[in-house]
Amino acid sequence: MKFGAVAALAMLLVAACGSTNPNTGNTLAPPPTANLKPPDKIGAGEGQLNLIAWEGYVDDSWAKAFTQQTGCVVNAKYAGSSDEMTSLMKDGGGGQYDMVSASGDADLRLIYGGDVKPMNEKLIPDYTNFQTYFKTPPYNTINGIHYGISLQWGPNVLLYNTTKFKIAPTSWSAVYDSSNKGIVTAYDYAITIADAALYLSKSQPSLGIKDPYELTKKQFDATVALLTQQRQLIKKYWGLASDEISQFQNGDAYIGAAWPYQTIQLKAAGAPVADTIPSEGATGWGDTWMLATKAPHPNCAYLWTAYVSTPQVQAAQALFFGETPVNTKACAQMDASSPGSCAQYHADAPGSYFDTIKFWKTPVTTCADGSQSCIPYDQWVSAWTAIKG
Amino acid sequence: MEGLWTRIALRLWVALILLFLFTPIALIFVYAFNTSNIQSWPIPGFTLKWFTSTWNDPDVRRSLALSLQVGLGATALALVLGSCAAFAIHRMTWFGREFVSLMFVLPLALPGIVTGIALNAAFSFGGISLSTLTIVVGHTTFCIVVVYNNVLARLRRTQGSLIEAAMDLGANGFQVLRDITLPLISTAVVAGAMLAFALSFDEVIVTTFTAGAQNTLPLWIFGAIRLGQRLPEVNVVVSFVILVTIIPVVIAARLTGGGGTARVPAAR
Amino acid sequence: MLLLTPPLAWFVVVYFASLVLLLVTAFWTTNPFTTQIVQFWNTDNFQRLINEPTYHAIIGRTVLIASLVTITDAVLAFPFAYFMARVASRRIQTLLFAAVLLPLWASYLARVYAWILILNHSGVLNWSMHLVGLPPANIGYTNIAMWIVFSYIWLPFMIIPTYAALERVPESLIEAATDLGARRWQTVRDVVLPLALPGVVAGSIFTFSLTLGDFITPILVGGAGSTLIGNVVYDNVGIANNVPFAAALATVPVAIMAVYLLIAQRLGAFRAL
């Protein structure tokens with residue numbers, strides 16, 4: 001092996017100097033693909049399109065029509081978490097995948113990992129109709145370069161059983177309250193740490209948490225301590241949406257953070273549940289279709305992005321999944337198929353509304369003030385393993 | 001030698017184990033008719049709609065086709081490689097035999113997650129992109145072992161005297177193979193192949209790490225379970241697969257169980 | 001020798017090369033942000049395993065559950081296999097054998113999922129217990145649930161080799177023991193059990209290693225404190241994309257199985273496989 005000699009030398013170095021990891025998550029250097037120029041026009045479709053998506057994002061009810069219109073046959077691989085998406089997309093999609101419907105907590109990792117490349121928003125006719133916030137959200141746009149086109153967003157709401165909680169809880173404190181022992185559930189991924197940090201930013205202002213994704217060591221430790229306490233209240237963390245649905249339906253959980261999707265499914269099955277955004281606000285996700293650096297079918301990818309940005313598809317997906325379209329024109333479509341849904345999902349919300357939602361983003365070493373004192377994501381993951389024990 | 005009470009106790013035990021084995025499977029059948037896509041007990045109502053939606057679901061067809069394809073590919077490769085290995089080991093007498101024998105068992109004995117991430121790391125290191133072929137390679141590693149075990153066990157029970165007699169009567173090596181050895185081991189080969197196929201067909205863990213954009217049936221099921229939107233479809237597909245496989249399984253049981261050479265079916 | 005070349009080449013090239021590479025990867029590291037592998041040699045991953053009590057707890061729990069599952073399956077399987085091999089008629093034998101094989105065709109995932117329906121708070125189990133006037137069991141989403149489901153899933157893998165071993169015990173040996181005046185239980189203990197042991201040990205290799213490497217059953221039926229080695233490995237590969245740490249962690253089950261296999265070999269399990 002060619003690195004044999006280097007390896008031996010490195011081993012000596014390790015022995016001599018102990019081990020210090022030479023890599024810090026430095027985000028100041030521009031993304032590796034920043035200079036790749038996106039195309040000016042969409043060419044003929046390649047006949048195939050390989051997507052990594054959240055379950056339900058490539059539903060036949062709209063994917064079929066796309067194939068009929070463009071001749072691009074859509075193959076979807078469903079991933080269960082942002083982290084799984086990042087893993088599948090390694091090495092620029094491996095020459096296999098074309099696009100990923102990544103959430104904000106995966107975006108920066110993909111961008112700085114060189115796994116996705118800039119996209120030309122001018123090729124997406126509906127881009128001009130997007131909510132202003134989602135034209136250039138910080139999780140997919142860097143230095144004015146778009147590494148993807150926003151798709152949908154939604155808040156992480158507080159779901160509760162209305163027979164157990166007759167009055168809607170107004171604070172996230174309910175999920176940390178020891179009187180609710182055994183009936184609380186929480187999302188089984190490291191990003192849940194941000195939910196606790198958001199709560200602490202309001203309940204313990206002295207910690208000085210401004211952004212739940214940028215935590216100093218002291219803030220991080222306090223958050224982990226809160227979650228370690230909460231662990232005693234939890235019967236089961238939910239990893240799959242169906243897990244949480246089953247828990248609420250079968251009396252194994254009465255309160256916990258959820259996606260609006262779970263609320264919709266449970267209500268449809270007649271379960272006594274409701275959800276709310278408590279006074280502290282909520283974390284949320286904003287999803288983006290991103291183009292793999294080694295995408296084998298870029299034209300179909302652009303055609304797909306343009307297609308899913310149209311009001312009809314935006315509305316259909318929003319209603320299917322219980323999330324909110326980024327295209328403001330989708331509002332009328334939503335109300336047409338499900339009256340009142342536009343306002344219910346905040347699809348018509350003013351710009352100020354987005355200040356109350358802290359969108360998922362990848363925690364990195366570099367804090368907003370430029371200092372290198374924030375706790376990066378890999379430590380979130382190991383802390384999460386320790387919390388669960 | 002068993003007394004009356006022992007026999008009764010054994011019968012009861014067998015009945016309880018069968019109940020234990022088949023209660024979940026009965027539930028799978030029943031909940032294929034569930035009106036709600038959320039499973040709760042007792043079932044809220046019965047419907048046939050999932051049968052139509054499953055039939056019309058292109059994802060189900062595609063993943064079923066892929067699983068069949070992968071299963072056949074892996075089984076075919078395993079048949080060739082596993083039988084070769086069994087013949088070779090059977091003839092070996094030197095001390096390395098135990099070692100080689102142990103080695104061939106490793107892919108079954110080591111946890112699937114180790115095999116999975118080892119292959120995953122190797123593929124990504126070698127710049128090989130994940131595809132149907134990498135799934136087949138992953139499955140073959142453990143399918144070989146099943147075939148190998150079955151064939152080797154049968155060879156061990158085959159009386160050497162038969163072969164010697166044939167040789168004495170003037171048969172050459174090829175004739176012995178065609179007329180004596182192959183007929184003797186054929187049921188073991190068939191049984192080994194069935195088990196290898198079954199394992200490949202239901203494999204989740206190694207597949208998770210070796211599949212690319214393709215979904216095998218178990219991966220599709222895992223996806224469907226995540227959001228739960230199509231949970232009853234999963235039950236429909238699984239019920240269908242069980243019904244289709246009953247007859248081949250009984251035949252395989254006759255071949256292996258009846259012949260008294262039951263072999264370990266091994267890891268998923 | 002010629003026959004051995006293709007399978008051996010396959011094993012060395014595909015399997016062993018991958019395992020060795022995995023071990024090597026364990027001494028590398030990743031860029032914490034982009035999660036790409038950096039070939040920087042160090043032993044941090046192993047130090048983390050040794051120093052952090054979280055991982056001790058997880059490894060201990062995994063080995064404990066795997067052992068419990070193995071013992072449970074051996075106890076459940078032995079009388080069943082004994083009945084199949086020595087009591088049942090040829091017809092019943094074939095049917096029972098098919099009944100043991102058939103669940104392997106019902107998707108593992110679907111069977112585990114069916115257990116959620118049985119064990120959850122208002123599930124089949126608690127419903128039945130209520131019906132006969134017993135208090136609810138409330139074992140859904142606990143380590144007990146995990147233990148039951150693992151025992152269920154791997155039971156066929158224990159029954160089959162045990163049956164195969166029992167079936168091979170020569171009738172003449174048992175008759176001889178009886179003729180020599182051995183009581184029934186003495187015969188079972190002194191003649192049948194020792195001869196069946198390699199089969200049970202062969203089955204235990206599967207029940208033990210399958211539990212050691214599983215991550216799906218804990219996700220689906222486990223509770224808040226049900227993390228196993230497989231879950232942490234999966235979380236690090238599939239989720240955090242920290243392959244080096246996952247590789248380091250994966251050496252733990254490999255080491256455990258190596259010891260287990262050596263003992264099994266002593267007990268003659270490979271001849272019973």
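A residue is called buried if 20 or more other C-beta atoms lie within 10 Å of its own, exposed if 12 or fewer, and partly exposed in between, with C-beta atoms placed from the backbone. With 7 C-beta neighbours inside 10 Å, A:N143 therefore counts as exposed. The structure is a predicted model, in which local features need pLDDT of at least 70, side-chain atom pairs count only at pLDDT 80 or more, and totals for chains, interfaces and linings use all residues. Residues are numbered from 1 along each chain as its sequence is written, while chains are lettered from A and ligands numbered from 1 in the order in which they are written.

Confidence in chain A was examined through pLDDT, the predictor's confidence in each residue, from 0 to 100. Chain A averages a pLDDT of 86. A score of at least 70 is reached by 93% of its residues. Residues 1-27 of chain A stay under 50. For this stretch the model has 27 contacts beyond four places in sequence. Two residues are in contact if their C-beta atoms, placed from the backbone, lie within 7 Å.

Helices (H or I, at least four residues) and strands (E, at least two) are DSSP runs, numbered from the N terminus. Two strands pair if DSSP finds at least two bridges between them. Strand β8 (residues 157-161) of chain A pairs with β11(A) in the antiparallel sense, over four bridges. A:Y160 stands opposite A:A274 in β11(A).

Another pair in chain A is parallel. Strand β1 (residues 48-54) of chain A has six buried residues out of seven, so it is largely enclosed by the rest of the structure. β1(A) pairs with strand β2 (residues 73-79) of chain A in the parallel sense, over seven bridges. A:A53 has A:Y78 as its bridge partner in β2(A). A:N143 lies in the loop between β5 (141-142) and β6 (145-146) of chain A. Its phi is near 50°, a positive value in a residue other than glycine.

Chain B has 11 helices and zero strands. Its C-alpha atoms fill a box of roughly 70 × 65 × 30 Å, taken along the principal axes. Of the 268 residues of chain B, 52% count as buried. Among contacts in chain B between residues at least 6 apart in sequence, 80% join residues at least 24 apart. The peptide bond from B:W41 to B:P42 is cis, with omega near -10°. B:P42 sits in the loop between α1 (4-30) and α2 (49-55) of chain B. B:G173 lies in helix α8 (residues 173-201) of chain B. This glycine is exposed, with 10 other C-beta atoms within 10 Å. B:G173 and B:I163 are 10 residues apart in sequence and 9.5 Å apart in space, C-alpha to C-alpha.

Helix α4 (residues 90-101) of chain C has 12 residues. It reaches 17 Å from its first C-alpha to its last, close to the 16 Å expected at 1.5 Å a residue. The expected span is 1.5 Å times one less than the number of residues. Buried residues of α4(C) include C:L96, C:F97 and C:V100. C:Y141 is placed in the loop between α6 (124-131) and α7 (143-167) of chain C. Its phi is near 55°, a positive value in a residue other than glycine. C:Y141 is buried, with 28 other C-beta atoms within 10 Å.

Chain B touches both other chains. In the contact with chain C, 83 residues of chain C meet 76 residues of chain B. Helix α1 (residues 5-25) of chain C gives the largest share of the chain C side, 12 residues. That side divides into 66 nonpolar, 13 polar and four charged residues. Ala, Val, Leu, Ile, Met, Phe, Trp, Tyr, Cys and Pro count as nonpolar, Asp, Glu, Lys and Arg as charged, and the others, Gly among them, as polar. In the contact with chain A, 17 residues of chain B meet 21 residues of chain A. Helix α10 (residues 217-227) of chain B gives the largest share of the chain B side, four residues. This side divides into six nonpolar, 10 polar and one charged.
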